[in-house]
Protein chains: 2
Amino acid sequence: MQIFDRVAIIGCGLIGGSLALAMRRHGLARRIVGYSPSLASRDKALRLGVIDESTTDAASAVEGADLVVLAVPVASTAATFAAVAQSLEPSALVMDVGSTKVNVIQAAGIHLRTHLASFVPAHPIAGKAESGVEHAQSSLFEGTQTILTPTASTSAQAAASAKAIWTTVGAKVSSMDAALHDRIVAAVSHTPHLVAFAFMNAMTQREDTRQALAWAGPGFRDFTRIAAGDPVLWRDVMLANAVEVIEQSRRLRSQLEALESMIVKQDGKGLEAAFAQAALARSNWGASQVPLGATPAPSTDVVG
Amino acid sequence: MQIFDRVAIIGCGLIGGSLALAMRRHGLARRIVGYSPSLASRDKALRLGVIDESTTDAASAVEGADLVVLAVPVASTAATFAAVAQSLEPSALVMDVGSTKVNVIQAAGIHLRTHLASFVPAHPIAGKAESGVEHAQSSLFEGTQTILTPTASTSAQAAASAKAIWTTVGAKVSSMDAALHDRIVAAVSHTPHLVAFAFMNAMTQREDTRQALAWAGPGFRDFTRIAAGDPVLWRDVMLANAVEVIEQSRRLRSQLEALESMIVKQDGKGLEAAFAQAALARSNWGASQVPLGATPAPSTDVVG
């Protein structure tokens, strides 16, 4: 197991801070240097012992580092690459943790040109409702999945080092093509968030919003939970994964329009078939998620 | 508290069966007679002790009954009213338990003409993922809400009797206009179900459905949970509440289209404002749901 002498965390938020804590706990890092644009975040990270040292610019943080982790909003990735590129040690392993990968790889292609062999794009599928370094925890990645999307330029050694880090902090690691990654997360994560945001805005447009919300139950609660997500994070994700998100969102609108049309025509047969297909797909997925021998969650729920 | 000598349950399913069990447990019913079109359901209800006696037609069940409960799919309400109307005792209290109310009241207006003073439309907002009398339980209504939508013809005495029944079995009872009821449940229950069904069908339309579903996490799980609902029940609900559901579904599609358009234009400012509005509405609703002193649910969740 490779132990890093100096780890640079660029972006001391929930994910960057949690990775710092996890690497320290598992003995992967001797010294951790952190940079965040906000002085308050840097100070908080220092005070909480998440980092050993803070710097006032990103370039100084990466000087002498053998591991550089970019844990910035995806929209800031290109600017951060540009800021640190000239200061990277030739041997330094570089990783990001963004929710989209094609745009990050494009930015790396522009700014990291001599360093592409040591760059391993990573997406830890982990998080919390809260953001900020004060919510960081060393166990955040335990039992979660991390997807690596190595490029044609990524060396096998760099990919193996990245995999070892994420495995050691508790994640199950998979590798896939960046474009496939972006398509998949658009379908199962980004588009559901977009729809949940749109749904809440459609609720607030009603004349009887307040009255209606007073009658919302467990079905509504679960369906809209992800609409409470961080607006800035999700803005960046949607902008970065625009093509894939829009394709899936349009597909949904078209399905919804088809259902509406069946309702207008009072086509009970068509509606029942469409609902049955959806229910079967959801039940099959749900069944695939229940580990053998595990107790299913309580099933009490509002159905009407 | 009024004790009923003979309660007729028309439709021995989850809701009808649970109300029978709850009324018996709370001493509200001396004898319970049940009818279901399916012989198997009737026999099961008898064997499980949910009903004391079964009949081979709905009309025989209501003969001599001082309380008649229609717990049939909303699409069967009109036919059931027609089947029992001639056999109702003049003094019998009649309730339904349907998820939509305007259409039920219309059907009552046609078929129950001489009996409208004793008819109290009711919607117990309770249920389970499973259907069928074998899942019936006397505690199903405890801590839930029941909405009554008395008509201009409903007598105060009938409304009070209905309220007493639902209160005794553990529900909090409210009254509102049937049209308002249908608008509200369209917004907070029916449309979310329609969207969840459409979303799952959009998922199954992808070329990479199986691969994508393998990466679906807790956000997807909660967002799509209601898509596993009973296709027949939801078909009937959508057909019965067509106008309100379609209005809200179109409102959602229009909001979603607006978000897509911001993504296409890479309008980060607009997108962030829209997401922030949705997140605020959802957070405010969520906060209104947490009883004082209660422990909020664990917040760990996938955000990327």
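1. Chain A puts 97 residues into the contact, and chain B puts in 97 residues. Contact here means heavy atoms within 4.5 Å. This is a predicted model: local features need pLDDT of at least 70, side-chain atom pairs count only at pLDDT 80 or more, and totals for chains, interfaces and linings use all residues. Side-chain values rest on heavy atoms, with hydrogens and water left out.

2. Confidence comes next. The scores are ipTM 0.85 and pTM 0.85. Mean pLDDT for chain A is 93, with 95% of its residues at 70 or more. pLDDT is the predictor's confidence in each residue, from 0 to 100. One stretch of chain A, residues 292–304, stays under 50. The model still has 23 contacts beyond four places in sequence for that stretch. Where pLDDT is low, the predicted coordinates should not be read in detail.

3. How are the copies related? The same surface serves both copies: 100% of chain A's contact residues recur in chain B.

4. Chains A and B bury about 9500 Å² between them, and 66% of it lies on carbon and sulfur atoms. Buried area is the accessible area (1.4 Å probe) that two parts lose on being put together, summed over both.

5. Polar pairing across the interface: 28 residue pairs are in polar contact, both residues at pLDDT 80 or more. A polar contact is a pair of N or O atoms within 3.5 Å; within protein, one must be able to donate a hydrogen and the other to accept it, and residues adjacent in sequence count only if both atoms are side-chain atoms. H7(A) gives the most to the side of chain A that touches chain B, with 19 residues. Helices (H or I, at least four residues) and strands (E, at least two) are DSSP runs, numbered from the N terminus.

6. The rule asks for a side-chain nitrogen of Lys or Arg within 4 Å of a carboxyl oxygen of Asp or Glu. Arg183(A) and Asp208(B) form one at 3.9 Å, N to O. This pair runs from helix H7 of chain A to the loop between helices H7 (178–204) and H8 (209–213) of chain B. Arg250(B) and Glu260(A) form another at 3.7 Å, N to O.

Methods. Residues are numbered from 1 along each chain as its sequence is written. Chains are lettered from A and ligands numbered from 1 in the order in which they are written.
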